[in-house]
Amino acid sequence: MKRNLPLFFAFFCGLLVIVSEFIPHRPFSLMIDTLQEWFMIISGFAIILGQISLFQSNINKIKQKDSGWMFYLAGLISFILMLIVGMFWGTQETGGLFGHGTALQARLGMKPFDYLFEFAYMPLSSTMFSLLAFFIASAAYRAFIIRSFESNLLMLTAVIVILGRTSFGSMLTGWLPQGLRFWHLPNLSDFIMEYPNSAAQRAIMISAALGIIGSSLRIILGIERSYLGSDK
Amino acid sequence: MKGLLLTTLLFLIVLACYASPGTMNVQDVPWDEGKALNITWQTPADSIILQRADSLGVWQTIFSGPALPAAYSDRDLIPNKSYSYQLIAIGSADTDTLIVRASAKPREQWFYMHKLSFLIILVIVSLAILIYIQRARMGKEFYIRRISGLDSMEEAVGRATEKGKPILFVPGIGDLDDIQTIASLTILSQLAQRSAEYDTELIVPCRFSMVLSAAREVVKEAYLKVGKPDSYKEERIFYLTDDQFGYVAGIDGIMVREQPAANFFLGSFYAESLILAETGFSTGAIQTSGTAQASQLPFFVVSCDYTLIGEELFAASAYLSRDPQQLGSLKGHDFGKLLTIILILAGVITEIVGWHWFKAFFEGVQ
């Protein structure tokens, strides 16, 4: 029963979603939205599980003085701080337990939660994202090292696309006559992106879609059960 | 005589034009969920105002502008409720302003006709998968090509065991409603069994609470299955944060501090893919990645030792379990690919010949 009930729900809900995709008439047209709302409600309750896990793992590491335990402490303090200011004075238009904190708002220019979000969270998040630029450079360097015929081709294509997207590339081949405009670097770059690149991407997307159909069918029919924890 | 008839005909046409200076037609949009009406009009006026009566019968303007292209689609309506429309054709200085009224009811239909091609393909591919599963049940053995990214799992676990370092498994940044996350969890089940057999520590940081509870259940069952429930450490499968870059920062910290010997990035990934893979590369770990996000695959290919591309992620569970039924379903995928190739070739040929209905049918044009 413990195993059969989730399998029945998976079968029933899976079938319902597929049918709803093709039938615009009520009640089918409302099914997907309703199921999504149910998922959101369950997710809302599950957040508590996440918070408990967060506290447990961080407190254990602080207690055991693991390497870098002060970072876990900083994480916990930040979490509690955001929780308190959010609960006390709310966020944006929503008030908290102590109203809107008008005095604090006058001092900070905005609510304490929004202040921390704007001037602590956002810069930290942007810093993490900006690391991407450096990682792209190091990954590109490795990808473009010429070792074989294929990597040679990759390097050549990359040079054309990179140059074609800059004004320098445009300047380099700007003198070409009208009959040879295809070889003008921006045009060549557009051609590579529009045809060979799109074709390869679409092939991956079509195969992934087929994989999704197969995977979904296995789950709906109960052949694939390992996501439930056990395959028996 | 002929001249007289022609003159009379021309006179009648001109008279008809003047006698009916404007018409409006309101029709239900066919094969939809009953939330839209198509309004078309004919008027010699240059600009029009289109109004709809609200629940109190007061006319509310929904469109105001040039009379052409003489069509408007009113959306987000309530199904099976009658709607009245009023068209005001604004005449020039020497002509009168004309008002035409019409009403109609949007009706819910029982089928999205523009999805017919999608349904046909879905049915054919699903039938093929079911037939291959049935044949596998009857004992037929199928050849499945080798997927090096999945064959490497043993190597990665072995290396982690030799070095006495943990294995890091990242189930992507999607929630449990993402099929890629489900596929990732099925691979986690196989990986957890192997790590339990070798007594190698497994770290699973999760972005969502639902994924956390599912991952815990999957790993716990895997440890039970190999008879090592005592080796299961619940605290090593933990929640980090819902925030995308906060999650990446947390995982990067784990990679740098704990130096896992093997990293698995399987599931749904977006802008964080390269940050994760490059940090893992810098720690010298053996890395296996897999996603169906075509735009993230190049980053993984560059920075990881093995990459599961697109459908390989979804085939992983079947491939690793070696369950004949699941392997049979993989043959169904191959049939789907063959069908797609045939349809693409047929599409190219019919477009060259000039039979545009074939392309239109698959584009879902009604």
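Which residues does A:Pro186 touch, not counting residues up to four places away in sequence?

A: A:Pro186 touches A:Gly164, A:Gly169, A:Ser170 and A:Thr173, leaving aside residues up to four places away in sequence; contact means heavy atoms within 4.5 Å. This is a predicted model, in which local features need pLDDT of at least 70 and side-chain atom pairs count only at pLDDT 80 or more, while totals for chains, interfaces and linings use all residues. Residues are numbered from 1 along each chain as its sequence is written, chains are lettered from A and ligands numbered from 1 in the order in which they are written, and side-chain values use heavy atoms, with hydrogens and water left out.

A:Pro186 lies in helix H8 (residues 185-194) of chain A. Helices (H or I, at least four residues) and strands (E, at least two) are DSSP runs, numbered from the N terminus. A:Pro186 counts as buried because its relative accessibility is 17%; buried means under 20% relative accessible area, exposed over 50%, and partly exposed in between (1.4 Å probe, protein chains only). From A:Gly14, A:Pro186 is 172 residues away in sequence and 47 Å away in space, C-alpha to C-alpha.

Next, the helix contacts between chains. Helix H9 (residues 196-220) of chain A and helix H2 (residues 116-137) of chain B have axes that come within 10 Å and cross at roughly 55°, which makes H9(A) oblique to H2(B). Axes are lines fitted to C-alpha atoms, for helices over the stretch in contact, and angles run from 0 to 180 degrees between N-to-C directions. Angles under 35 degrees count as roughly parallel, over 145 as roughly antiparallel, 65 to 115 as roughly perpendicular and the rest as oblique. On the H9(A) side the contact is made by A:Leu210, A:Ile213, A:Gly214 and A:Leu217, and on the H2(B) side by B:Leu122, B:Val125, B:Ser126, B:Ile129 and B:Leu130.

Helix H5 (residues 112-143) of chain A packs with helix H6 (residues 244-258) of chain B at an angle of about 65°, their axes 9 Å apart. In this contact, A:Ser125, A:Met128 and A:Phe129 of H5(A) meet B:Phe245, B:Val248, B:Ala249 and B:Asp252 of H6(B).

Chain B itself has 11 helices and 13 strands. Its C-alpha trace spans about 105 × 45 × 35 Å along the principal axes of chain B. Of the 366 residues in chain B, 49% are buried.
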